[in-house]
Amino acid sequence: MDLLSFGKTGWGDELLYATLMTIAVSITSMLIGFLFCLIFTPLKLSNNKFLKFIGNSYTTVIRGVPELLVIYLFFFGGSGALMYVASIFGYFEYIEINAFITGSVAIGIISGAYSTEVFRGAIQSIDKGQFEAAKVLGVSKFAQFYKIIFPQMLRLAIPNLSNVWQITLKDTSLISVTGLVEIMRQSYIAAGSTRDPLFFYCFAAVLYLMLTFLSMKLINRLEVKYSRGF
Amino acid sequence: MDFDLMITSLPKLLNAAVITLKLLSASLIIGLFIGFLFAVLRLSKNPFINKFAYGYSYLFRGTPLLVQIFIIYYGLGQIEWLRSTFLWVILKEPYWCAIIAFALNTGAYTSEILRSAFQTIKPGIIEAGKSLGISNKIILYKIQIPVAIRQSLPAYGNEIILMMKGTSLASTVTLMDITGVAKHIVSTTYKPLEVFFLAGGIYLFMTFIIHNLIKYLEKKYSFQ
Amino acid sequence: MNIFKKTILTILASLFLIGNVYADKIKIGTEGAYPPWNSKDASGALIGFEVELANELCAIMNHECTIVEQDWDGMIPALLMRKFDVIMAGMSITAERQKTITFSQGYADEVAALAVMKGSSLEGMSTPAGISLSKPNSDAKKALKTIKAALTGKTVCTQTGTIHQNFLESGDVGKVNVRTYKTQDEVNLDLVAGRCDVALAAAVAFTDYAEKSGKPVVLVGPTFSGGAFGNGVGVGMRQGGENTIGKRDAQLLKDFNKAINKARKQGIISKLAIKHFGFDASM
């Protein structure tokens with residue numbers, strides 16, 4: 001057990017830091033995913049065939065290709081693509097994207113594809129009558145959406161979004177291949193250094209289980225709050 | 001865009017696709033058995049069996065597949081006495097370690113899918129069967145199981161696709177599946193975009209086929 | 001620049017850490033996972049033969065250097081992307097690598113060898129102590145035949161993207177079942193676990209592992225050099241070019257070559273080699 005102690009010889013403090021990093025990346029990725037939803041959910045719901053195609057391509061491609069591949073592509077190609085874009089503006093220096101941002105955006109793209117589907121399904125399940133009633137009230141389009149449609153959509157979406165959260169949380173283990181020090185990477189380093197892979201990988205599993213457990217508890221609370229009838 | 005590289009890489013990637021499909025089918029078949037077993041265990045009235053099955057499902061759904069593979073491949077390989085048993089013949093090979101990890105993982109998700117499908121069968125159907133005087137056993141075989149299978153098709157189709165993506169993790173334990181071969185090509189040619197696009201395209205194509213296959217099965221077996 | 005370009009650039013700049021720009025600062029990339037060439041100590045700091053050599057060379061060149069860690073399989077892409085300026089990671093000078101990057105003169109020899117666990121059937125292979133594959137003489141060819149026969153049907157493990165992998169896949173030892181791993185450490189682990197019958201890497205990598213872990217790993221067969229194994233280890237750099245970066249890279253090449261010459265004359269390389277390898281591996 002003293003392998004886990006804090007301080008110089010124990011790995012406890014490194015693993016704690018790694019757990020915090022995992023949480024940070026997961027949250028950031030979920031949020032980045034939501035940003036993608038802002039763009040792609042309307043695209044998928046649009047009547048325009050071309051826009052719909054773009055929206056559908058995003059979700060189909062990202063959900064149909066292994067996450068590892070998306071991360072590799074992003075990691076190996078990301079810097080290069082970004083530098084290409086920057087060079088158009090006349091900036092030729094090396095741009096270093098720190099590992100946290102790269103990892104979060106990569107997972108964010110994946111998380112966003114799943115979230116987009118969730119929001120789309122949620123909006124489409126709202127009774128058409130709600131949309132008509134909202135229009136009839138005569139308030140602005142923004143208020144229509146924000147005050148009437150949005151709360152209902154959230155209530156329908158939360159159970160599925162909790163699934164997306166679990167997926168995102170577990171997908172963060174894949175950014176270990178890019179070198180970002182989260183739970184998986186730190187366990188890998190510790191296992192290599194102490195030559196005790198069994199202990200550290202099992203402990204990593206325990207850490208993830210704790211995170212899933214806590215997430216479930218928190219999300220249940222959220223669900224209760226949002227299911228209050230209206 | 002180096003199209004020449006894409007053309008020369010394609011046959012290598014397609015060969016690797018065979019390995020991916022082998023991994024996928026073996027994992028799904030074994031996983032299906034495990035799934036059925038644990039679904040039944042979950043529906044049992046005995047609290048110990050019930051909790052045990054729930055624990056298994058929670059363990060494998062709550063941890064990343066990568067952790068599971070590493071524990072089975074690296075963790076088990078560390079245990080000295082294990083290396084002297086006959087099990088080592090299987091665990092020595094990364095191919096079987098990967099399949100074991102994948103099967104256990106998909107088994108957990110499949111058990112959940114089947115369990116919820118069983119539990120949401122409309123009671124009316126079962127009552128109708130009972131009122132016709134059909135024995136419980138036949139109700140199970142001729143009514144419950146087919147209905148449950150039909151109801152799980154969409155979710156299970158999803159699971160097949162998720163598993164196919166999961167096989168890419170076999171590349172982390174030295175197996176040369178599509179992702180593994182793609183990485184190898186990139187490591188010698190330094191052209192990640194072209195190679196990974198091609199690899200992604202192959203996976204996408206397989207997703208497309210699986211998706212349409214499931215849709216076809218759904219239509220064919222719909223009762224309504 | 002119009003306001004549009006300005007906002008885009010501000011967003012880009014605010015999201016990313018901009019790496020080193022110019023002048024006397026040189027970034028050196030190393031793996032940190034290939035002892036005794038380069039590795040990490042308990043606190044995570046980079047140590048090893050090349051780390052110390054890098055610091056010596058930078059002192060001679062009067063440049064400020066930082067040493068950066070990079071996974072082996074992304075080493076050359078990272079160099080090309082200008083994540084760092086030079087590679088000092090036990091990377092051998094090979095014709096294939098010289099297609100994409102350039103090397104300084106070699107500073108140390110890296111001989112490769114096969115390794116097995118004590119008690120393996122491959123122990124006691126009768127071959128000369130060392131063979132060179134650049135111009136294989138009859139002894140070398142005979143040795144290759146012996147090895148080929150010994151390796152048939154065996155599983156050989158090595159690190160991905162290395163000269164060792166190239167050699168195994170070249171056909172010089174026939175068709176072998178090659179398994180590649182991300183790091184040398186994983187190769188060692190599976191060799192000890194019995195998943196590999198034999199492994200191929202730098203001879204010192206195995207002796208270092210045997211010493212530090214206490215596991216009975218022994219070298220078998222001859223030491224290899226030349227041919228697919230390249231011509232010594234050098235400092236990897238981007239190929240020079242016409243633009244500002246290219247000119248700077250070309251200058252770096254000249255500076256490093258001068259520094260290596262000086263270090264060799266002053267006996268620094270030999271001293272460090274003996275300290276880390278136990279023998280003078282300098283070129």
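In this predicted model, six strands of chain C form an open sheet in the order S9-S13-S8-S12-S10-S11, with mixed pairing. Strands are DSSP runs of E of at least two residues and helices runs of H or I of at least four, numbered from the N terminus; two strands pair if DSSP finds at least two bridges between them. The edge strands, S9 (130-132) and S11 (177-181) of chain C, each pair on one side only. From one strand to the next the twist averages 30 degrees, with axes fitted to C-alpha atoms and angles taken between N-to-C directions from 0 to 180 degrees, for helices over the stretch in contact.

Within this sheet, S8 (residues 112-117) and S12 (residues 198-202) of chain C are antiparallel and share four bridges. Ala115(C) stands opposite Ala199(C) in S12(C).

Helix H7 (residues 203-213) of chain C lies across S8, S12 and S13 of chain C, at about 165 degrees to S13(C). Contact requires C-beta atoms, placed from the backbone, within 7 Å. By this criterion, seven residues of chain B are in contact with 14 residues of chain C.

Residues are numbered from 1 along each chain as its sequence is written, and chains are lettered from A and ligands numbered from 1 in the order written. Local features need pLDDT of at least 70 and side-chain atom pairs count only at pLDDT 80 or more, whereas totals for chains, interfaces and linings use all residues.

Notes:
Contact = placed C-beta atoms within 7 Å.
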